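Please open the model in your viewer and keep the sequence panel beside it. The tour below goes from a whole chain to single residues, one selection at a time.

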Amino acid sequence: MSTTVDIPRFVRAKQVEALPPPNLARGPIAWVRENLFSGPFNTLLTLVVFYLLYVSVPPLVKFLFIDAVWSGTDRAACRADMGGSETGACWAFIREKLGYFTYGSYTVSERWRVDIFFALLAIGVGWLLWLKAPRRDLGAVYFFWLFPILSYILLTGGNSDFSGRFWIGFLIFGVLLIALFAFVAAILKTSLRPALIIAGGIVAVIGITLALMDIDFGLRHVPTSLWGGILVTLLVATVGIVFSLPFGILLALGRRSKLPIVRMASVIFIEFVRGVPLITVLIMANTMLPLFLPGDMTVDRLLRPLIGTALFASAYMAEVVRGGLQAMPKGQYEGAMSLGLNYPQMMILIILPQALRIVIPGIVNTFIGLFKDTSLVAIVGIFDVVKTIEASRIDPNWAAPTIGLTGYAFAALFYFIFCFGMSRYSLGVERRLAAGQKR
Amino acid sequence: MTSQAVQTSAIDPKAEAAVQMIDVHKWYGEFHVLRDINLSVRRGERIVICGPSGSGKSTMIRCINRLEEHQKGRIIVDGTELTNDLKRIDEVRRDVGMVFQHFNLFPHLTILENCTLAPIWVKKMPKKDAEEIAMHYLKRVKIPEQANKYPGQLSGGQQQRVAIARSLCMSPKIMLFDEPTSALDPEMVKEVLDTMVGLAEEGMTMLCVTHEMGFARQVADRVIFMDYGQIVEMNTPDEFFKNPQHERTKLFLSQILH
């Protein structure tokens with residue numbers, strides 16, 4: 001069929017049927033030739049990379065697995081001079097110390113409580129992250145309300161022992177809050193009932209929370225100074241992740257607000273927190289926070305770095321979210337406004353779902369950064385995973401040449417599993433969202 | 001510059017006008033984008049606005065639902081004057097539908113969700129009722145079978161018809177069209193125009209910025225020609241096309257009607 005230029009007139013007589021693509025050479029050999037040896041330069045690069053892999057991978061495998069010591073009760077197993085093997089990783093050390101790496105100095109007889117905490121955390125995370133899970137709304141209530149209360153009771157032992165004065169204070173606060181809501185409803189001339197229900201609900205939720213914290217379940221009190229290891233790392237990371245996203249969103253919205261005071265406050269917070277290292281924030285939270293608070297009020301020494309990391313991550317999160325907000329076309333705002341949606345509705349229903357989707361890679365990047373930054377809480381004396389490994393490394397009972405390397409290999413593995421998991425999960429979410437709504 | 005029709009009705013705020021613009025001025029920084037706009041639109045009236053790009057026609061209709069703020073003069077929409085009062089702005093937006101050049105559908109929601117969103121959240125309508133109404137209007141724009149797809153899976157013409165249905169779901173009293181066919185492939189212009197003609201025949205009050213002169217001839221009660229932020233000429237379509245008065249109008253028409 002020719003439609004060459006020398007034919008001045010042409011009318012197609014027959015429809016050209018759709019044909020399958022030409023059968024080019026496929027298969028592994030074609031793939032290798034196309035991707036690895038497609039030219040002299042690529043061939044050279046391929047050979048260099050193969051050589052580097054040959055040099056680095058076998059010794060690593062040899063150290064981590066083949067020559068590794070898997071069992072033993074003390075340094076003898078990992079020292080050549082005491083009859084052991086010292087050319088490979090000393091996994092016996094990790095096995096022996098795993099309890100310490102997981103729980104820190106948490107009272108040994110009470111460690112089952114931490115195990116339950118891990119299980120509850122896994123349930124909550126699974127429930128929320130599995131996109132097709134049933135009743136994810138209940139999952140949210142569980143994760144953001146029930147789970148924190150249960151964790152508090154389990155980990156500390158509960159029984160906060162609030163004084164009668166505290167409860168009177170709470171009662172006054174509750175009455176004031178309900179009165180405030182009624183007052184606002186009266187000013188705005190909206191109906192009183194929903195305002196009272198909302199206020200009553202808030203007071204009830206706080207009251208139940210406090211009451212549960214107050215009940216004596218007969219659990220032994222375990223002070224936070226004993227907590228450590230994976231427990232602390234996961235706790236700091238979870239709290240940081242859970243708080244940094246909403247705070248970050250609020251800060252990002254604040255920074256784009258038309259109200260000058262809100263905008264100024266957001267900009268100052270973000271720029272100040274981003275402008276100083278996390279270590280500074282942690283030390284400030286640790287030593288300066290108590291100075292700002294009234295004398296009889298103390299903040300738990302684990303809570304201080306917790307707040308510090310959450311605030312620190314929020315500032316970064318705010319900038320990530322702001323990037324997403326800026327990528328939204330003006331038409332989306334106008335479409336929402338022209339339908340009569342008010343500002344919160346427009347943001348929650350239209351803008352944020354799209355903006356956050358755009359910045360999923362950035363959000364997860366911040367989460368991963370936060371997860372690894374939790375190791376810095378060691379600076380203010382909190383025993384996270386790395387710190388527990390550091391402490392065990394110098395245990396004379398386990399003094400052997402490969403102990404340090406093994407410990408760090410374990411830390412690397414621990415961080416890698418969690419960070420890689422987050423990364424893969426976010427990729428899956430992105431792909432799923434992209435499949436649903438091709439633009 | 002203002003026409004006589006305006007002079008007679010613009011001053012009385014109680015008149016049964018759908019939209020009244022009285023001495024409206026607007027500036028973008030130093031740039032005087034709307035100058036002395038006087039316009040009164042009766043209920044059920046269909047108005048087509050044309051003019052060269054940058055003449056302020058889009059800005060003018062965007063002032064009617066306060067996507068743009070005017071700095072001088074008064075705009076009264078269905079008896080409600082637009083001021084900085086947010087409550088009034090929301091009230092006006094609830095009654096004024098708008099269709100954009102680039103559709104502005106919400107890409108993360110299905111067609112049905114696009115249509116039910118505002119009735120559910122703004123009018124507090126039960127979801128079931130909202131879906132019923134949405135399906136009714138989707139049938140009217142002839143795409144009920146696409147209800148569960150996402151906007152990105154539809155052609156431009158279909159998307160624009162969804163945008164019209166989405167506005168209609170709020171049962172607006174006034175519809176604004178901002179160049180609804182300018183971003184469409186030529187083959188899809190007709191399906192959108194047909195929908196708009198149908199709407200006009202039902203007596204919807206419409207203000208439409210468009211260069212589809214056939215549409216103007218067919219449905220418009222009045223045609224407005226704008227240039228340099230002013231209303232240059234306003235007339236019935238017959239007179240406007242046959243017998244343009246202003247030099248600028250004559251030049252414009254000679255360029256778009258070949």
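Select chain B first: with 258 residues, a compact globule would have a radius of gyration near 18 Å, and chain B has 18 Å, which agrees; the radius is taken over C-alpha atoms, and the globule rule is 2.2 Å times the number of residues to the power 0.38. Along the principal axes, the C-alpha atoms of chain B fill a box of roughly 50 × 45 × 35 Å.

This is a predicted model, in which local features need pLDDT of at least 70 and side-chain atom pairs count only at pLDDT 80 or more, while totals for chains, interfaces and linings use all residues. Residues are numbered from 1 along each chain as its sequence is written, chains are lettered from A and ligands numbered from 1 in the order in which they are written, and side-chain values use heavy atoms, with hydrogens and water left out.

Now colour chain B by secondary structure, and you will find ten helices and ten strands; helices (H or I, at least four residues) and strands (E, at least two) are DSSP runs, numbered from the N terminus. Of the 258 residues in chain B, 57% are buried, where buried means under 20% relative accessible area, exposed over 50%, and partly exposed in between, with a 1.4 Å probe and protein chains only.

Move on to strand 9 (residues 222-227) and strand 10 (residues 230-235) of chain B, an antiparallel pair with five bridges. Ile224(B) stands opposite Met234(B) in strand 10 of chain B, and in the hairpin of strands 9 and 10, which has two residues between the strands, Tyr228(B) takes a positive phi near 50°.

Finally, turn to chain A and select Thr107(A), in the loop between helix 3 (91-103) and helix 4 (111-129). Is Thr107(A) buried or exposed? Its relative accessibility is 17%, so Thr107(A) counts as buried. Leaving aside neighbours within four places in sequence, Thr107(A) is in contact (heavy atoms within 4.5 Å) with Arg220(A), Val222(A) and Leu226(A).

How values were computed:
Two strands pair if DSSP finds at least two bridges between them.
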